[in-house]
There are 2 protein chains.
Amino acid sequence: MSLLVVGSIAFDSVETPTQKRDDVLGGSAVFFSYAASYFAPVRLVGVVGQDWPHEHTQLLQRQGIDTAGLTVVPGKTFRWRGKYQPNMNDRETLEVHLNVFETFDPVLSPELRRSKYVFLANGSPITQMKVLDQVPEATLRVADTMDLWINIQRDELMQMLKRIDGLVLNDSEAKLLTGDENLVRAGHKVRAMGPKFVVLKKGEHGVMFFSEKETYVMPAYPTPDVVDPTGAGDSFAGGMMGYLAEKGTADPKTLKEALAYGTIVASFNVEDFSLDRMKQIGRPELEERMLAYRRMLSF
Amino acid sequence: MSLLVVGSIAFDSVETPTQKRDDVLGGSAVFFSYAASYFAPVRLVGVVGQDWPHEHTQLLQRQGIDTAGLTVVPGKTFRWRGKYQPNMNDRETLEVHLNVFETFDPVLSPELRRSKYVFLANGSPITQMKVLDQVPEATLRVADTMDLWINIQRDELMQMLKRIDGLVLNDSEAKLLTGDENLVRAGHKVRAMGPKFVVLKKGEHGVMFFSEKETYVMPAYPTPDVVDPTGAGDSFAGGMMGYLAEKGTADPKTLKEALAYGTIVASFNVEDFSLDRMKQIGRPELEERMLAYRRMLSF
């Protein structure tokens, strides 16, 4: 099934308690695309500036990612600088320069407009709805959101939520959006706002899933090698949507498997900076860890 | 298999964001005993003051808990007062009055000395080792510990760790004890200090298990009705040890099932103050929720 992702493309500068990297490849749509590409062909839509090295495009293309929707415009690429706390779960944003992403107004080509599976990564609900307007044939529409939009575009976010099948968001965002500190109740309250299902991301503690008939929890895969958590949520979403696109269905059983694959991809992603760990692995490594994960959860 | 628990018996005063209770029945050994009693006969050893109402003893006895080791001495029973944050996971201790627990020096009867399964609940490592000295026939010795002992009796704690089969502790305690912020590494480091296995409790996020050959995670059962988390860790340990005592083995397969049962008992315990929720349920309710939990984790 064709999988479209629209979101940010960035240069990340990351400080962890022990290491530091400057201007490495990042952004929600990049982490998502790479993670999804293990499972299905991905079409990436995003914007970069003239400082964008062609090598990055080639890296994505080698993974089978369709970069026809990657637009280069005058200006600089989105830049983010963040610093992780010693627990590697909490982080502080030190700098954000939206640059060309600030006026990002995705216009899809006729081919991209026929996409069936659509993921709206980091972006304002207004932009996300503009994309939804352009994909009338989509059968699975899933979005991410952020505290920023909950704070400054709540009305638009509420409209957007009524137009999607699934929402992926952080625990703190779910609390902010619902005012409920109990994650189980918060998850259901978000679902009542529109999406058929909600995936609540808890960082190192895994994810919770909410649909009308199901509530469940999936722990994160316990990796001892957490080097850089940047992109964990986006690579989770990429693994999840990639698997759904591969299977061509989002029935409850497949969705659960998809959450598990997302968990596994994310567990690799955090083992190095940028895409560095994901670049080293392929489907066999994912399947091997998935087997260990299944064993872990069975008793 | 005979199951002995030695630990605190207390009157708890608890404030949550929405409710408040004063001087309700609590204490590590009480939550543990009640939780374990669904599975196996429990022998409780602890100390209370002259303010202890006989009804509390009767409540425990009705559950089949052997209270011969419950000593009443002149003075007041241990009192704890705490307040939970809105997230219901973090709490602040407002008052602690050790009272008669301060000089608690458990001397076991000849019958209790022959106990096979032993749980050392809240207590100093010195007291815990005094108990270990008295149970030479024990085949499974598991202890809990607290930040207080890590801070003020680290040497004694390190000695105690070399004498037990399993340790149950909180995530923050594991970080404090090892200086490692990564829970997977911290868990293995605690294990390297002596115990054959370590169970790391993460509150609403469940538990992690570490042995030489296994590392796994079990999420908490996602209950929307968290009323009072006091005793969650002790009721978890009670369910776990009770199930092991019932089965008469702590092989890897049984241990994993035991962690799941501990998770289920704890999920009931937090649904009301004191033992109030646990008093309403029996083995059938535990088995029913266990079935839902198994379904939740299978994919």
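**Chat about a two-chain predicted model**

Author: Let's start in chain B: strand β4 (residues 42–48) runs parallel to β5(B), and five bridges join the two. Strands here are DSSP runs of E with at least two residues, helices are runs of H or I with at least four, and both are numbered from the N terminus. Two strands pair if DSSP finds at least two bridges between them.

Reader: ok, and which residue is the bridge partner of B:Val48 in β5(B)?

Author: That's B:Val72.

Reader: Before I go on, what am I looking at?

Author: A predicted model, where local features need pLDDT of at least 70, side-chain atom pairs count only at pLDDT 80 or more, and totals for chains, interfaces and linings use all residues. Residues are numbered from 1 along each chain as its sequence is written, with chains lettered from A and ligands numbered from 1 in the order in which they are written.

Reader: What's the mean pLDDT of chain A?

Author: It's 96, and 100% of the residues of chain A reach 70 or more. pLDDT is the predictor's confidence in each residue, from 0 to 100. The model also scores ipTM 0.89 and pTM 0.93.

Reader: Back to the strands. What's the order in the open sheet of chain B?

Author: Nine strands with mixed pairing, in the order β5-β4-β1-β8-β9-β10-β11-β12-β13. In chain B, β5 (66–72) and β13 (215–218) are the edges, each with a single partner strand, so one side of each has no neighbour in the sheet.

Reader: New topic: how many residues does each chain give to the contact?

Author: 26 from chain B and 26 from chain A. Being in contact means that the C-beta atoms of two residues, placed from the backbone, lie within 7 Å. On the chain B side, the elements giving two or more residues are α8 (183–192), β13, α10 (252–269) and α12 (283–297).

Reader: And why do the copies meet through the same surface?

Author: Because 100% of the interface residues of chain B are also interface residues in chain A.

Reader: What is B:Val226 in contact with?

Author: Leaving aside neighbours within four places in sequence, A:Asn182, B:Met88 and B:Val270.
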